[in-house]
Amino acid sequence: MANLKQSAKQSEAPVVHNPVFIDGSDLTTPTLKILRQDGSVYEGAELPDINKELALKIYDTFQFIRALDERMVAAQRQGRISFYMTEIGEEAADIGSTAALADDDMIMAQYREQGALAFRGFPLDQFMNQMFSNEKDLGKGRQMPIHYGSKDLHYMTISSPLGTQLPQAVGYAYGYKLEEKDNCVICYFGEGAASEGDFHAAINMAGVFKVPAIFFCRNNGYAISTPSSEQFAGDGIAPRAVAYGLKAIRVDGNDVLAVLKATQEARKLAIEHNQPVLIEAMTYRLGAHSTSDDPSGYRSKKEEEKWREKDPVLRFKHWLIQQGWWSEEQDADIADAKRKAVMAAMKEAEKVAAPHLDDLITDVYDTPPKHLQEQLAELKAHIRQYPDAYPKTAGRIDHE
Amino acid sequence: MSNMNLLQAVNNALDIAMEKEPKTVCFGEDVGHFGGVFRATSHLQEKYGKSRCFNTPLTEQGIIGFANGLAAGGHKAIAEIQFADYIFPAFDQIVNEAAKFRYRSGNEFNVGGLTIRSPYGGGIHGGLYHSQSPEAYFTGTPGLKVVMPRNPYQAKGLLLASIRDDNPVIFFEPKRLYRASTGEVPEEDYELPLGKADIMQEGRDITVLGWGAQMEVLEKAVAMAAEDGISCELIDLRTLMPWDVETVTQSVQKTGRLLISHEAPLSGGFAGEIAATIQDTCFLSLESPIARVTGLDTPFPLAHDKEYMPDHLKNYEAIKRSVSF
């Protein structure tokens, strides 16, 4: 069957008798824009499915993430946590797309999508517990800050190796298809990660297996210091998906209405037709790559300023005010309230004890094998011998 | 009971696993209608449909990445890597992802339903890339279980246990024995325990330890030694991680001597790990240095296939050297 279809396709292709090479210019990828920076809507633009409640939830998440990012960068500078990554400038991309999903659609993110998790309702104290790797962290204090995960909220735990979640998203979505569930997986990644082999593997498999998955690329112009001009020579990421049998769309990633609209349509394609989709959101990483990075070494202030004028949060605020759903007074109040809440939660999390030493060996396997139990017992004996050298644990193991 | 070769035993185990647990899915390169290049998945697609037994595109990192995602969603994912030599493109998905999935998430998520099957080993004129024994690359990765059967009965029981184990398991099948090794295998469902070595033959003078296809070689060496009046205790480790330290320790405390043999190269091979552990647990019992009879520290050669292999003669000589030390 498949072979017949293929040969039919081939016979329909135009035939030439002199060499004709095709190139990227044969394919132009338009960018979906709905919202102007002043908050007005482009003429003829089709709005996404959005009401006041959803709009304010999205905006509330924007405000929360801004407050969290700002405070936690400062906390890292003060040495209170070891590491942090902001998503400033890209809030519309992940929060706007997650807002288009069902609450139980699986999110498989890279690491700059704390907004998606916040939108799902991850409690502030859980963000903090993870970053302070204390005993209340769902991840038991094992991973670096910002490597969140939540089974309850269908947010797969983040891992550092880039692109690995992409083929995993295909497998997870295949599971949905097997069970005939009305769910899809959304898989976030940056344009740098799209250069990994796992990207190629994933979109090819998604196309072949026809899985309900949305691949969401945050094309923010840089992978650490590497500009996209040194990342790829083609027209971004979207056209690659088409070549693999996915549907693709490019959106203004600073336009939350465009992101929401595109993702709502993508979800329909994924769920109703098992048609995988790739969304490329064009945006800009306004902050540093991470707290270990200083962007002044590789890009200009002027360029940053140009993008600061396209701030997705401001753009959406203007629209909300024009709808009569929001005011500048409310805005100042909520920003202040978020900052205070973040500060209070941070101080709480700092006081929580480190995870128990026993959790050093749990979850390596479903149950700790004998050799791990022996290694832990040996470690405990050593800590009891030198308690001063291990202040985090010494006091607690002695009281067992 | 029926007489099966090792491939039929693997096929039978997969059949039982898929029949009993509808969430079990088999996939890999050419495993679908064709039934696999060695026919390990024969008739499974006919029986369970295209959605549960199917071909993937030719991408090992994709296969294991896909398998991780499927297992994370609660399915039993049985992925085939066509030759163990081609598992390396998936190394990142195995070592950084599968092995660490449960630990890094604090058990919020896991890929316990994952089993990776792959034919391994030399002796089939496979040259560099159809002969490798890569087990030691994986035994050094916490979070993985590594299992290697020696015959059809072991293959079926250990594979069923691996599929049902709630941890990611790499199951290396000795392809040299796929058709060469035959034996009586129960038709019904049974499991052999993971993490437990099998004492194939009791003895007094030396403990001879191996796994997978090497057990056939060691049986010959041990039989030759018996003719010289040397009583060997022959042990099949079966599971390399976590391995059965207790059984090997008890044996060496009794015999006072240990020989470990594997096809993989000497340096960094799993025999080194065993030797270090046993000299620690059996220091006062050892009467001779622990012997390692392994492949050379070279890539696996084609023309010198026979010379490279740690065959029965090399092992026989090592047994004699150890006993007369």
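**Architecture of chain B and local backbone features**

Of the 325 residues in chain B, 63% are buried (relative accessible area under 20%, with exposed meaning over 50% and partly exposed in between; 1.4 Å probe, protein chains only). The model is predicted, so that local features need pLDDT of at least 70 and side-chain atom pairs count only at pLDDT 80 or more, whereas totals for chains, interfaces and linings use all residues. Residues are numbered from 1 along each chain as its sequence is written, chains are lettered from A in the order in which they are written, and side-chain values use heavy atoms, without hydrogens and water.

Chain B contains 12 helices and 14 strands (DSSP runs numbered from the N terminus: H or I of at least four residues for helices, E of at least two for strands). Its radius of gyration, 19 Å, is close to the 20 Å given by the globule rule for 325 residues, so chain B is as compact as a globular protein of that length (the radius is taken over C-alpha atoms, and the rule is 2.2 Å times the number of residues to the power 0.38). Along the principal axes, the C-alpha atoms of chain B fill a box of roughly 60 × 45 × 40 Å. Among contacts in chain B with a separation of 6 or more, 82% are between residues 24 or more positions apart (contact meaning heavy atoms within 4.5 Å). The accessible surface of chain B amounts to about 11,800 Å², and carbon and sulfur atoms contribute 52% of this area (Shrake-Rupley method, 1.4 Å probe).

In the UniProt record, an unreviewed entry, residues 4-180 of chain B carry the annotation "domain: Transketolase-like pyrimidine-binding"; such annotations may be inferred rather than shown by experiment. This span is 35% helix and 18% strand, and its end C-alpha atoms are 10 Å apart. For chain A, UniProt assigns "domain: Dehydrogenase E1 component" (unreviewed entry) to residues 64-356. That span of chain A is 45% helix and 11% strand, with its end C-alpha atoms 31 Å apart.

Most residues other than glycine have a negative phi, and most peptide bonds are trans. In chain B, a cis peptide bond with omega of about -10 degrees joins M241(B) and P242(B), and P242(B) is found in the loop between β12 (239-241) and α9 (245-255). H125(B), which is not a glycine, has a positive phi near 55 degrees. H125(B) is placed in the loop between β5 (114-120) and α6 (135-139) of chain B and counts as exposed because its relative accessibility is 63%. In chain A, the non-glycine residue I224(A) has a positive phi of about 50 degrees. I224(A) lies in the loop between β5 (222-223) and β6 (226-227) and, at 43% relative accessibility, counts as partly exposed.
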